[in-house]
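I opened the model to look up how its parts meet. My entries follow.

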Amino acid sequence: MFFDTRPISSDTLVPDDPALGLIAMSGPNDPAPSIRIAQGRIVELDGVAEANFDLIDEFIARRGLDLDVADEAMATADLDYALMLVDPGVPRRDCVRLAGGMSPAKLAHVLALMTPVELMSAMTKMRVRRTPSIQAHVTNRVDHPLLIAADAASAVALGFRELETTVPVLRDAPSNALALLVGSQVAGAGALTQCSVEERTELELGLRGLTTYAETVSVYGTEQVFVDGDDTPWSKAFLAACYASRGLKMRFTSGSGAECLMGAAEGRSMLYLESRCVALSRAAGAQGVQNGGIDGVSVTASVQDGMREVLAENLCVMLRDLESCAGNDTLMSFSDIRRTSHTLPLLLAGADFLFSGFGSIPAYDNAFGPSNFNAEDLDDYLVLQRDWGFEGGLRSRSDEDLLPLRRRAAEACRAVYDELGLAAFSDEDVEAVVVAHGSLDLPPLDPGLVPAAGDAIMARGITGLHVVDALAQRGFTIESERVLAMLRARLDGDHLQTAAIYDTEMRVLSNLTDPNDYSGPGSGYRISADRRDQIGRVRQERTHADLVAEQGPAAGCLRVANGRPARERPRPDEVVVGLSPAFAVTVWQTLGGCTVAEALRQVLAGLEEEGVASRVVRVRRSIDVGNIGWTAARLSGSGVGIGLQGKGTALIHRADLPVLANLELYSNAALVGPPLYRALGRNAARHARGATPEPVLLPESAEPFGPRYHARVVALVAEERRAVEPLDPIEVELTWP
Amino acid sequence: MAVTDPAADLRITAETLRRQADLAEGAGNPQLAENLRRGAELTAFADDELLRFYDNLRPGRSSAAELDQLAADLDARGAPRCAALVREAGGAYVRRGLIS
């Protein structure tokens, strides 16, 4: 079956199965929303009486909800609140205030009512920070420290403001964190770094200043899964306080599908469970949540309405006034169309972090598994950003930009490892890393090196300040100052506020300093003129001059000299070939890639092959191939003419036909090569003799013409237009160099 | 290496965290404020103590009595908010049968 061969057919989809938690939203077993308050405490939450609260209910009930607005919020009709969310005239703070008094089931009910566009519209208003940002994954298969550093430098140069690494082997974690920290400060200041590992180790790396934020503080929507994950809401809340105590930014991680994968969804819908996670995160005092297509996204994607659920859970975070780090970090389909469709709505709507993260390294090097977008997709992403004008956070960079930064990062990392006695790398290692696409391009790494470096970092108590010192000792002054600045920034704590990031001047952008003030068209985050210019400059862009210059190599392939004014029908056995105004003047190469000389030579050869005489004229008043061919036909003794444009479009015309008709047309010049021009000449000759030859068929092609050629057509047509003169056709003499 | 006592002079202070907590409260997020205030309390504790407390709060690591003791210790060392968190955890863990 043909459809079985399509990529989409490798995705496994399932019908709703609430018993297994395989239902996106509005599950039959989801509780009816409720909050009952007695003596200033919540005694019932979403249909569960206090005595029966599980750990999650209790944590949310005790800490997460605003009792002062609960009655008002719960009494607000779902549709009325949904309308508030999409109405740009209703201030964000009003929506946040009411959400504070809504139970998890209540928010899930509201979100389930909203269409994709309504969700997007609400997100534009409800995200915390005005300026969207983007996170990168920076990992490799072998935890090569120099490659991590170089890739971190590239990522920051591209615009990523948070970098996340992880490890296949826990012992490598300290080394990865250190290398990432060094590399992150090479291209500019202020990028935050984290190392996603088991909770305790992640905390320790943060305490030591080897990371500058934490994200993998995972929470789940059912008690069983939470406890299976070796934590409770209280232990997670304590962990959050530990991070705060050392001035470290931190967010929680949830994301639908996890409970199904752990076999304990309690028959609830994904959106309801996720709404519990988000309420719990708020209750614990986390400033933000990573969700919306994390590790379990393919489970969510397997059920009906799954992608809408993912968007809804992102919005849920925003409604709780938390930083939304919006997922898109797991490849969720074999189909490029489908994975793009997962991410695009979020890109258009905007989030505090659009990805968490984008795989800035090749998919095979992503130790998290491939992200939904990877290094291979970087240019696609940049072009999407250019197409739509959303703030995607990234910019195009050339090798000239990146290679010196990669070298600097690799050298800095090498110096730190040497200075701290962690490992020695050679010049060859550095050289390979600078130009590497990924770890497969590197010489093999001693498998014991990174674990040993990690052990040494831990055993010897190496901290971020040791890194500062080592960089300074080895002359990496700027990097040393930047790492120190990241550590110093902990002292004032401004980055502990919601949705805080640093810009490249180390200014904090957060809910306090850069609040989302969207209130309809013309408000909120807007792309500046400079930023628009930056977004526009992508690798695929070709200026008019570039496109005209492509003609250069073929210039002079044919000399066409004006002769006498074109005679009318001097002999009956001829076919006249009409050339366009710029043919062999400024246009030298057809879209199909042959020179104009070759195209014309083949046409004339085809005529000669059939024993028909030819005469070549230049049509100077028109660039239209039909008009050119028809003009040639009217001059032709046989009444048959050929029109030939510089870009290679060609046709056979006859004098008695309307100007816009033709006998045969090569409309898609990109598909026409020398043999077809010869065939066109032959057929024109047969028409001239009164025969009715089989039309020449262009080869089949499923490739689109426009994306590759239309910009070139515009450039070449402009050249034709410039060459037009208000003069009658003229016979030409051809010289073939 | 020149660095001898790396962490000491690059620690956020309790006062700063409480000031940030007030800002968070003013911005309408009392839960974030509470977390920053718990963090302010924990500035007085060494890294390895924090790691140990965290471990003790994980499922099945401590008995109810041990959590009570941890709460009492936190109280005694000027961390009443963290102590309250631990007490609340202990009660919930016992009620849900995680520990006895």
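**Domain interface, chain B**

I looked up the interface first: domain 1 of chain B and domain 2 of chain B bury about 640 Å² between them, 61% of it on carbon and sulfur atoms. Buried area is the accessible area (1.4 Å probe) that two parts lose on being put together, summed over both. In domain 1 of chain B, the most area is lost to domain 2 by B:R38, B:E41 and B:L42, together 79% of what that side buries.

The model is predicted: local features need pLDDT of at least 70, side-chain atom pairs count only at pLDDT 80 or more, and totals for chains, interfaces and linings use all residues. Residues are numbered from 1 along each chain as written, chains are lettered from A, and side-chain values use heavy atoms, without hydrogens and water.

I noted the bounds: domain 1 of chain B is 13-43 and domain 2 is 46-100, from an automatic or database domain assignment. Five residues of domain 1 and seven of domain 2 make the contact (heavy atoms within 4.5 Å).

**Salt bridge**

I found one salt bridge across this interface (a side-chain nitrogen of Lys or Arg within 4 Å of a carboxyl oxygen of Asp or Glu). I also looked up B:E34 and B:R81: their side chains meet in a salt bridge at 2.6 Å, N to O.

**Aromatic pair, chain A**

I checked A:F160 and A:F358, a tilted aromatic pair with 5.7 Å centre to centre and 55 degrees between the planes. Rings of Phe, Tyr and Trp (its six-membered ring) pair if their centres lie within 6.5 Å; planes under 30 degrees apart are stacked, over 60 edge-to-face, the rest tilted.
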